[in-house]
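This report describes the overall dimensions, a helix packing and some backbone features of the structure shown below.

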Amino acid sequence: MTNGHGSHHVIEITEKPPLEVNNELFGWSSTLGSKYRLAIGITGILFLLGIVGFIMKVQQNGFSDYVPWAYLTAAFGFVMLFAMSAPMLAIVPRLARGHWGRPISRIAELWALIGILLLIVMIPLLLALPEADGRNTFWFVDKYREGWPPGAPHVWLALLMVGLVVNGIALLWTAAIPDFAAIRDKSISSGKSAKLYGKLALGWRGTKRQWRSLRASHGVLGALYFATMVWSQTMINYDFSQSLIPGMRDSIFPAWYVISGLQSGVGLVLVTAYIARKFGNLQDYIHVNQFWSASKILLALSLLWAYFWWSGFIVYWYGKTETEKNIIDLFWFGAYKPMFILNMLLNFFIPLIFLMWNRVRKSDWGPAFVGFIVILGSLVNCIRIFTAAFSLPDRAIGHQLHTVPESIMKPDLPDVLMVSGIISGAILLYLIAIRYIPIISAWEIREGMLYQTVRYLHKLPLKVIGKPD
Amino acid sequence: MQQRVQKTEREINRDLLRPNLTLQLRFFVVVGVCATIVAMAGGALAYAIIKGVGVYGVNRPVMWGFIIVNFVFWVGISHAGVMLSAILRLAQAEWRRPATRAAEVLTMFALGTAALHPVLHTGRQWRTLYWVFPYDFGRGIWPDIRSPFVWDPSAIFTYLSGTIMFVFILLVPDIAVLRDRTTGIMHKVYTVAALGWRGNSKQWQLQLLAGILLSALILPVFVSVHSIVSWDFAVAIAVEGWHATIFAPYFVIGAVHSGVASVITFLAILRWVFRWEDYIRPTHFDALARLMVIVATGWFYFLVIDFGMGFYTGEPGEIAVRYAQMGEWPGNMLFIIFITTGYFLPIPLWLLKNVRQSPMLMFWSSLFVNIGMWLERYILIIPSLERKQSLTFTWGHYAPSPIEVMLVIGSFALVTLGLVTFCKFFPIIPMYDVKEGKVLEQVIRIGKINVPAVFREE
């Protein structure tokens, strides 16, 4: 409820009986109507078309050469960037005890499920990825110790991704246990459903010890997820982009890529929260405050995105070795210049121009719009950096970049189908997940209600928030 | 938060103004010792001016030695102020209140001291002006504006002037309190400095607005300063190990790491010297330590990426630098001390609540961080310049001369002298901020437990 308290000063705070919160949020998925089914239908069809595109690609090209798989890599990188970074918006406010994160924490964590799809998509990419021999790589293969570690980079990349996905799902699961237990105990679940939720709830009874364990698991899994996410994105950037470019030694490139991921992850949560609020009638839970707080993080990340890019660019610009000049042409001023300009607009200038205004930040549409723009920017970004890296002719020979392609790598029909298919697959998986897992964490909302109230400071009503140790 | 202490405004004034309104022998002792060391450093500098830079340990190819290492260190320390004050102010973090001014003042003196170092380094100090100002229009001789060496002074002086303004604006209400409690010459000085502050609502509005604006405006300057310092190194392609794109954010986050650690050290000393246990509480150290865990881990990620780049390329030159930094004497010994004191010792300790809430342990662990961070700068700068590359005739060696050591010690004494003097004449804990914090304090009752709470304006 929006609490005006008889003043023009609007304070948004959820004030509902706990039982009502449970009923509304656990029964929310059954209220999803025709639009939901339509979304499932469209994404399902596009996903199937993506599978068709994949089969066509395999028949046309096989896995002997990695170049034809550039667009699938870009799509993989894009979905990984936004989906696997999104849970950070649940982890950070929780660790920093920011109450504003409560209504959007589950929205963010649910995106970790997309990791399952990514693991499947990664298989053909790893099959096509060339051996590390003869290339610059973080793996020690053929450089210092022959064949060590065995299977690098393929096996180790796969293990890193499996670790990330398992960690993400564990994070989602543990944070949802109290809700699973509440659904188990409610009359809305019966038979198989009750059994399923009973198993998912892992015997949760809400004892003090269980709550302590839950909070500890948030800290440990959250920190571990952050570390795994950063390193997975870093290694994907190295192995699928930088190491394919002869002579490229750009230490900020992976860090910039991680920032790009965090930026699009926040953007994704804002867009999802907007859709849930607007079309899912969740205005009583997802307030403008959530958009306001997350948009400040989005603004900071957009500034960091530009700063990291500039920090890398200026060193290359000053270095001006042959390889550096060619890399400047490859990524920024050559054939990919229009995409780079678009990138700067979508990832930096538009977020800056919009989000610098408090009025925009303090709305639901403003941050969501910028979030969408940033996600688009990330798609352009991934296509730019992965297809540029995959398009080089002298990929595995020597450590100097001598020639730069004169035109961008254009997608063929299977590429288009695969890119739209994997993005649709991610959305489809999310849509299916919210049918079974409450999109808003009911226990966090109930707990948050205890810590927030409205009191008067002199004559001004203000929100009071509890900060437990 | 549970450690809140109820104090009246009168008690806050009494406690926090005590160092300003009373004369204490220890103040003169500390000032005397620091001034003596600074004078000795001045003597060392005079000797260097008379004899020339030959008295420094630098020689071809290692032309940057202790003084540049110390310069980067002090610029790093200066990053504490904005990090703690501006960012936490914008983020409405309540725990910032007793720490902000200490951080800002540390910034001011650390940056002022840092700015001296390039001048000390040149040997012919008056010629340093040639870097910065155009001096012969007629013959078209200009400083090379494409060089980060020219950007450096601009960035540092912008940051320094911005910081001084920031400190001053936020000091005005407290100066007015001092004005009303002093007599004689000090009263006159505080009257001028208080700018007619009466504490009416319009003045508070302006002061608040100025604080927020300066916080937002100074942030890009804060980032630019250490970025530009990093580009002093990174834009050069001739020195192995320096031409790294990650240097700018790596330097900035390293600076925040060492800067915030130095604020912790400073706060622990203030708490101990002035017995401000009610103001600088374990909960503040706890919050700072949590922040440090995040900052330090981010810094460590950049460190791994930067050092890993040598192994990534596998180029002999890069590998030779990494070997000099980590594999051969004295680099290996320094590296072990650096990485242990800078990360592996403090971070696991700060994961423990007991350590985070112990001012004594926080003092020592934060001090260790800065020992490590000083060595980090040494490891980044010197081994690269020693050029242990394939051409053995270009190899060099660096050992600091006593003059350089004296100048480094003198810089620490100079910063300490500045801080002690400031603490004598101005409240180092912002009184109005602490009082405001008290007004905003609330309690929410959940069941039988009182949970600390605050008013939050959205």
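The model is predicted. Among contacts in chain A between residues at least 6 apart in sequence, 78% link residues at least 24 apart. The secondary structure of chain A comprises 17 helices and 4 strands.

**Dimensions and burial**

The C-alpha trace of chain A extends over about 70 × 55 × 45 Å along its principal axes. Its radius of gyration is 23 Å, and because a compact globule of 469 residues would have a value near 23 Å, the two agree. Of the 469 residues in chain A, 60% are buried. The chain exposes about 18,800 Å², and carbon and sulfur atoms supply 68% of that area.

**Packing of helix 6 against helix 7**

Two packed helices are described by the angle between their axes and the distance between the axes. In chain A, helix 6 (residues 114–128) packs on helix 7 (residues 154–185) at an angle of about 175°, and the axes lie 10 Å apart. Since angles over 145 degrees count as roughly antiparallel, helix 6 of chain A is therefore roughly antiparallel to helix 7 of chain A.

Helix 6 of chain A contributes Gly115(A), Ile116(A), Leu118(A), Leu119(A), Met122(A) and Leu126(A) to the contact. On the side of helix 7 of chain A, the partners are His154(A), Leu157(A), Ala158(A), Met161(A), Val162(A), Val165(A) and Ile169(A). The residues of this contact between helix 6 and helix 7 of chain A comprise 11 nonpolar and 2 polar, with no charged ones.

**Backbone features**

Most residues other than glycine have a negative phi, and most peptide bonds are trans.

| Cis peptide bond | Omega |
|---|---|
| Arg60(B) and Pro61(B) | about 5° |
| Trp329(B) and Pro330(B) | about 0° |

Pro61(B) belongs to the loop between helix 2 (25–51) and helix 3 (66–77) of chain B. Pro330(B) is placed in the loop between helix 12 (316–326) and helix 13 (331–344) of chain B.

Positive phi values occur in chain A. Arg97(A), which is not a glycine, has a phi of about 55° and sits in the loop between helix 4 (88–95) and helix 5 (102–109) of chain A. Arg97(A) counts as partly exposed because its relative accessibility is 32%, which falls between the limits of 20% and 50%. Leu202(A), also a residue other than glycine, has a positive phi near 50°. Leu202(A) lies in the loop between helix 8 (192–200) and helix 9 (208–240) of chain A. With a relative accessibility of 54%, Leu202(A) counts as exposed.

Key: Residues numbered from 1 in each chain as written. Chains lettered and ligands numbered in written order. Predicted model: local features only at pLDDT ≥ 70, side-chain atom pairs only at ≥ 80, totals over all residues. Heavy atoms only, no water. Axes fitted to C-alpha atoms, helices over the stretch in contact; angles between N-to-C directions. Helix = DSSP H or I, 4+ residues; strand = E, 2+ residues; numbered from the N terminus. Parallel < 35°, antiparallel > 145°, perpendicular 65-115°, else oblique. Contact = heavy atoms within 4.5 Å. Nonpolar A, V, L, I, M, F, W, Y, C, P; charged D, E, K, R; others polar. Rg over C-alpha atoms; globule rule 2.2 N^0.38 Å. Buried < 20%, exposed > 50% of the residue type's maximum accessible area, 1.4 Å probe, protein only. Areas by Shrake-Rupley, 256 points an atom, 1.4 Å probe, with all protein chains shown as cover.
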